[in-house]
Amino acid sequence: MTTILVDADGCPVINETIAIAKEYDLPCVLICDTAHEMHREGAETITVSKGADAVDFVLVNRIKKGDIVVTQDYGLAAMALAKQGLPLDQNGRWYTNDNIDQLLAARHKAQKIRRAGGRLRGPKKRTAEQNEGFITSLRELCKTIRP
């Protein structure tokens with residue numbers, strides 16, 4: 001059975017994900033570190049020790065073929081794709097083998113700029129349209145799994 005796995009640290013669409021998981025009768029697992037510990041009705045929560053990429057490693061080790069992974073992390077999305085998971089971001093963009101290399105390259109470039117002392121703009125305030133885009137994409141993905 002497909003599971004929805006959520007990289008829950010800083011994820012703005014946890015409640016929406018749990019609601020859609022209930023609609024499609026899919027298990028939902030939130031994975032977070034001790035700094036972001038949370039418990040929500042309708043989802044299993046796994047809390048890991050705080051540390052660089054600790055959540056990512058636990059999440060990747062749980063992915064089975066066809067599992068849905070909700071994450072903002074391009075590196076985690078790439079690992080999910082390698083395990084034949086179905087990753088999407090908090091705005092509803094599906095990560096695919098066609099777009100992941102470009103996203104990873106952009107992330108690497110941004111890291112180089114920051115290491116050199118450069119500054120980049122942070123994300124804009126989240127909009128209702130972004131939430132709707134996520135909801136639409138996650139429902140579409142769930143329909144392909146459980147029509």
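# Notebook: loops, cores and a pocket

I began with Asp-25, which sits in the loop between α1 and β2. This is a predicted model, and I kept that in mind for each entry below.

**Entry on Asp-25.** I looked up the backbone here and found that Asp-25, although it is not a glycine, has a positive phi of about 55 degrees. Most residues other than glycine have a negative phi, which is the reason I wrote this one down. Is Asp-25 buried or exposed? Asp-25 counts as exposed because its relative accessibility is 53%, and the cut-off for exposed is over 50%.

**Entry on Gln-84.** I then turned to Gln-84, which lies in the loop between α3 (74–82) and β5. Gln-84 is not a glycine either, and its phi is positive, at about 65 degrees. Its relative accessible area is 45%, so I noted Gln-84 as partly exposed.

**Entry on α1.** Going back to the helix that Asp-25 follows, I asked which residues of α1 are buried. I found Ile-14, Thr-17, Ile-18, Ile-20 and Ala-21 to be buried in α1. These residues lie on the same side of α1, because they cover an arc of only 165 degrees around the axis. An α-helix has 3.6 residues a turn, so residues three or four places apart point the same way. Looking for what covers the buried residues of α1, I found that β1, β2, β4 and α5 are included.

**Entry on the cores.** I next looked up the largest nonpolar core, which has 24 residues, and noted that Ile-4, Val-6, Ile-14, Leu-30, Val-70, Leu-138 and Cys-142 are those with the most contacts inside it. Two or more residues of this core come from each of β1 (4–7), α1 (14–23), β2 (28–33), β4 (68–70) and α5 (128–145), and α5 gives the largest share, 5 residues. Another core, of 12 residues, lies apart from this one, and Ile-31, Val-55, Leu-59 and Ala-80 are among its members.

**Entry on the second largest pocket.** Which residues line the second largest pocket? I listed Asp-7, Asp-9, Asp-33, Gly-51, Asp-53, Ala-54, Val-55, Asp-56, Gln-72 and Asp-73. By class, this lining has 6 charged, 2 polar and 2 nonpolar residues. Helix α2 (residues 54–62) gives the most to the lining, with 3 residues, and the volume of this pocket is about 220 Å³.

**Entry on Gln-90.** I found Gln-90 in the loop between β5 (86–88) and α4 (100–115), and at 13% relative accessibility this residue counts as buried. Not counting residues up to four places away in sequence, Gln-90 touches Pro-12, Val-13, Thr-71, Gln-72, Arg-126, Gln-130 and Phe-134. I noted that Gln-72, one of these contacts, is also one of the residues that line the second largest pocket.

**Entry on Ile-100.** Last, I looked at Ile-100, which is found in helix α4 and counts as buried at 5% relative accessibility. Leaving aside its neighbours within four places in sequence, Ile-100 is in contact with Tyr-74, Ala-77, Ala-78, Leu-81 and Tyr-95. I also looked up Gly-75, which is 25 residues from Ile-100 along the chain, and the C-alpha atoms of the two are separated by 8.8 Å.

Methods. Residues are numbered from 1 along each chain as its sequence is written. This is a predicted model: local features need pLDDT of at least 70, side-chain atom pairs count only at pLDDT 80 or more; totals for chains, interfaces and linings use all residues. Side-chain values use heavy atoms; hydrogens and water are left out. A nonpolar core is a set of buried Ala, Val, Leu, Ile, Met, Phe, Trp, Tyr and Cys residues joined through side-chain atoms within 4.5 Å. Buried means under 20% relative accessible area, exposed over 50%, partly exposed in between (1.4 Å probe, protein chains only). Helices (H or I, at least four residues) and strands (E, at least two) are DSSP runs, numbered from the N terminus. On a 1 Å grid over the protein atoms alone, a cavity is a set of points where a 1.4 Å probe fits but cannot get out, and a pocket is an open set with protein on both sides within 12 Å along at least five of seven lines; lining residues have an atom within 4 Å of a point. Grid points are joined across faces, edges and corners, and a volume is the space filled by probe spheres set on the points. Ala, Val, Leu, Ile, Met, Phe, Trp, Tyr, Cys and Pro count as nonpolar, Asp, Glu, Lys and Arg as charged, and the others, Gly among them, as polar. The arc is that of the directions from the helix axis to the C-beta atoms. Contact means heavy atoms within 4.5 Å.
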